[in-house]
Amino acid sequence: MFIYLLKRVSLGLVIVVFAVTLLFCMIHLVPGDPARILLGPRATPEMIAHLSAQMGLDQPMAMQILKFFGNLLRGDLGMDVITNRPVAEIVFGQLPYTLWLIGSAIVGAMLIGIPLGCYSALHRNTWFDRFSGIISVACITAPAFVVALYSLLIFAVWLKWFPAVGAGEPGDFFDQISHLVLPAIAIGISWVGYLSRLVRASMLEVMGENHIRTARAYGLPENTVVYQYALKLAVLPTVTVIGVGMGFLLSAALFTEIVFSRPGIGKLIFDSITTRNYPVVMGSVLVSTIIFVISTAVSDLINAWLDPRIRNSL
Amino acid sequence: MTSSNISKQEPDGLSRRHFLKTTGALGMVAAASSASEVIFADGKKILKVRAYSDLRSMDPAFSQGVVDEEIHSCVYSKLIQYKPGRKWDYVLDAAESIEQASPTTIKFKLKAGIMFSNGYGEMTAEDVQFSYQRIIDENLKSTNKPDWGSLQEVTVDGKYEGTIVFSAPYPPAWNIALPYIVGNIVSKKAWQEAGGKVDTSTPCESGPYLHAEWQPKQRTVLRRNPQWHGGSAEFDEIHILPIDDENSAQIAYEAGDLDYTRVSLGAVGELKSNMPSHTVLEEYPSLFYVWVGMNVENETMANQNLRKAIQHAIDVPSIMQASYFGAAAPSTGIIAPGLTGNRAQGLVPPGANFAKAKEYLAAAGYADGVTVTLDVLNKAANVTTAQVIQATCAQVGITVDVNLHESGAFWSLGDSSSGERYKDIQLILNRYSMAPDPSYATAWFVTSQKGVWNWERFSDAEFDKLESAAKAEVDASKRDTMYQRMQDIMEDSGAYRFLTHEATPVVYSDAIKPAFRPDGLPLFRYFGQG
């Protein structure tokens with residue numbers, strides 16, 4: 001297990017270094033002088049040159065990358081050139097909003113999608129199964145931004161049940177939850193359908209396995225067979241998908257953060273790319289990549305914990 | 001202010017049936033938040049407004065435009081402030097008196113007893129001197145230095161009295177310096193203690209509100225300043241929410257999360273026909289100017305007859321309908337109505353003249369047609385405008401290929417220090433903002449701005465001479481003539497097809513009494529209860 005963990009961490013580091021280097025090259029290839037964009041139209045050439053030097057843009061790209069990783073080893077993500085605040089402070093200030101958003105979206109989707117899929121599988125070809133199939137596919141095909149806009153119009157503007165914008169009053173838990181509901185629905189609803197279909201298919205497959213038939217033959221109660229034996233195996237692909245899905249959720253969070261004017265790392269990346277605020281782009285993408293790597297590693301570990309066959313193969 | 005540009009949705013007359021219906025619905029209404037309730041949330045009078053971006057700096061020397069200034073004007077004092085209304089004017093703020101003593105000097109006397117918060121004492125002429133002179137200090141590298149034009153120094157004549165001295169007459173000081181970004185007065189002592197400049201927080205304030213809180217990407221909170229020299233500010237708090245998308249802001253307004261927001265031009269028609277209750281819609285002319293520029297140094301576009309053909313092939317009224325939903329009017333130049341230098345009409349009429357366009361096209365040697373490119377920022381109105389231009393130019397045989405760019409790439413297209421791309425520009429759809437002085441508009445089109453912001457690479461000796469002279473011209477009538485002539489020169493070169501100044505439609509709850517500049521920008525310090 002220790003060697004497995006070591007392998008995962010090493011692989012994760014390689015992925016992070018590769019992703020950040022690739023991004024570094026990409027943002028430097030895109031046209032647009034960051035110093036000029038940041039300083040605005042009134043800046044003189046001297047001011048632009050001064051800021052370029054401050055951002056290290058006057059150095060070769062390879063040197064800039066090395067410098068970035070060198071600073072990173074010291075825990076320094078650099079300074080935001082617009083507000084002159086440490087990038088780490090900015091990124092970690094925005095990160096909790098996104099983690100709350102995608103966390104509540106995925107937890108909500110699991111709480112609805114997994115039981116739905118399980119129930120559908122156990123009641124295969126009933127009207128409920130067919131109806132949940134239609135609903136699930138409808139949920140999968142609904143783009144997050146469309147759900148976001150319509151949920152805003154219906155639940156915020158028309159019914160006025162939930163607020164439309166922002167993340168809620170700091171320190172007021174219930175206000176923050178009320179601000180979280182619509183954005184979480186917007187990005188979580190497609191996962192409800194996806195998880196329910198996935199669990200249904202897995203359950204149907206597992207329920208046909210020999211060990212399930214054996215358990216039934218031994219006269220074990222149906223609930224024990226389903227929930228202790230079948231479901232445990234049926235959720236394995238779901239755990240993997242959720243781990244990989246964190247990356248997709250980070251993308252979906254971007255649209256949602258824009259539509260709901262919520263703070264968050266997705267919107268931070270978008271805004272900083274638009275303004276060519278390179279230190280913030282690098283810092284926020286680095287943190288996002290690390291989250292993605294951690295979530296996939298955690299999903300692998302959960303799989304190993306749930307399935308002795310995987311655990312033994314490590 | 002005229003009734004034609006204000007629309008208001010008021011409750012109908014109160015009949016018995018209406019009364020019963022209304023009473024029955026009260027339970028539901030009480031459960032839902034409404035505009036008037038938002039203001040008195042938590043027992044406080046809170047004004048919730050939208051800004052199109054987040055705060056960037058609390059230092060007037062490094063403030064980047066409108067949003068920062070909307071906050072600064074609430075927390076700092078200036079000698080004079082813009083007067084709310086439909087006509088450009090100013091009102092006294094920190095100044096008890098102020099006058100143009102000579103063409104190059106402005107004398108002022110501060111009101112006694114204006115206090116800086118956090119124990120930084122009373123505002124004196126020394127603070128004014130420090131605030132203005134630091135911006136023109138080369139070592140500070142303030143991007144706002146150009147706003148002070150020919151400012152030389154500020155002399156302190158007494159505790160409250162001082163003189164602003166210019167090296168040459170500078171009439172724009174009254175329009176874009178004293179009442180705007182660089183006119184904010186900060187505490188010398190506080191700024192020196194902070195190391196000469198500040199970032200996103202401020203050590204002290206002197207305006208009607210204090211800068212209480214800034215949550216990045218979420219909100220800025222201004223709180224009533226109990227020490228304000230002007231009395232008691234109207235609201236306990238102002239919450240300024242950064243919402244970049246106008247449609248999201250409109251939804252937030254309709255959901256009751258905001259008391260005021262600017263809305264998109266496309267929403268005006270729908271709002272007029274289906275106005276949310278207790279809402280007032282107002283439309284203001286904007287200072288933005290939108291035009292199609294043509295790169296006179298590009299091999300194809302160097303042909304003046306081709307440029308003139310394009311000028312006449314572009315149908316501005318069609319663009320106003322398609323892109324601005326009829327809510328904006330065609331412009332005659334880069335200087336908006338209401339400002340010195342605005343032309344009553346341009347040299348090229350707004351409507352297309354295809355016969356004339358074909359004549360110019362034939363004279364240019366392209367009787368059989370020509371293909372040109374149009375670079376456009378990827379915003380909805382711009383894309384629609386480009387499509388209309390494509391359609392009308394096609395009628396005379398000009399094929400327009402549209403190149404879309406995201407903002408970062410677009411805003412460096414014409415920058416000659418960012419590569420060779422500026423040479424490839426042929427047509428470009430552009431939109432600049434400006435402050436209420438004509439010099440702010442013309443400054444970008446002088447020869448020295450070629451490859452900086454003059455992307456048409458337009459160069460005219462008379463224009464350059466007039467631009468320099470008009471800034472220092474104290475005779476308003478002569479100044480007006482000079483700026484009109486400059487726009488004639490621009491248009492006659494064929495390098496510009498002026499489109500519009502757009503418009504600023506705003507909505508607000510009738511529970512508040514807003515205050516706007518003549519271009520529709522909000523002056524939050526003057527917002528009150530309805």
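Biologist: How far apart do the C-alpha centres of domain 1 and domain 2 of chain A lie?

Modeller: Domain bounds come from an automatic or database domain assignment. In this predicted model, chain A is divided into domain 1 (2–73) and domain 2 (91–313), and their C-alpha centres lie 32 Å apart. Residues are numbered from 1 along each chain as its sequence is written, and chains are lettered from A in the order in which they are written. Local features need pLDDT of at least 70 and side-chain atom pairs pLDDT 80 or more, whereas totals for chains, interfaces and linings use all residues.

Biologist: How many residues of domain 1 of chain A are in contact with domain 2 of chain A?

Modeller: Two residues are in contact if their C-beta atoms, placed from the backbone, lie within 7 Å. Here 15 residues of domain 1 of chain A are in contact with 13 residues of domain 2 of chain A.

Biologist: At what angle do the axes of H7(A) and H8(A) cross?

Modeller: Axes are lines fitted to C-alpha atoms, for helices over the stretch in contact, and angles run from 0 to 180 degrees between N-to-C directions. The axes of H7(A) and H8(A) (residues 173–207) come within 9 Å and cross at roughly 140 degrees.

Biologist: Which element gives the most to the side of chain A that touches chain B?

Modeller: In total, 39 residues of chain A are in contact with 35 residues of chain B. H7(A) gives the most to the chain A side, with four residues.

Note on methods. Helices (H or I, at least four residues) and strands (E, at least two) are DSSP runs, numbered from the N terminus.
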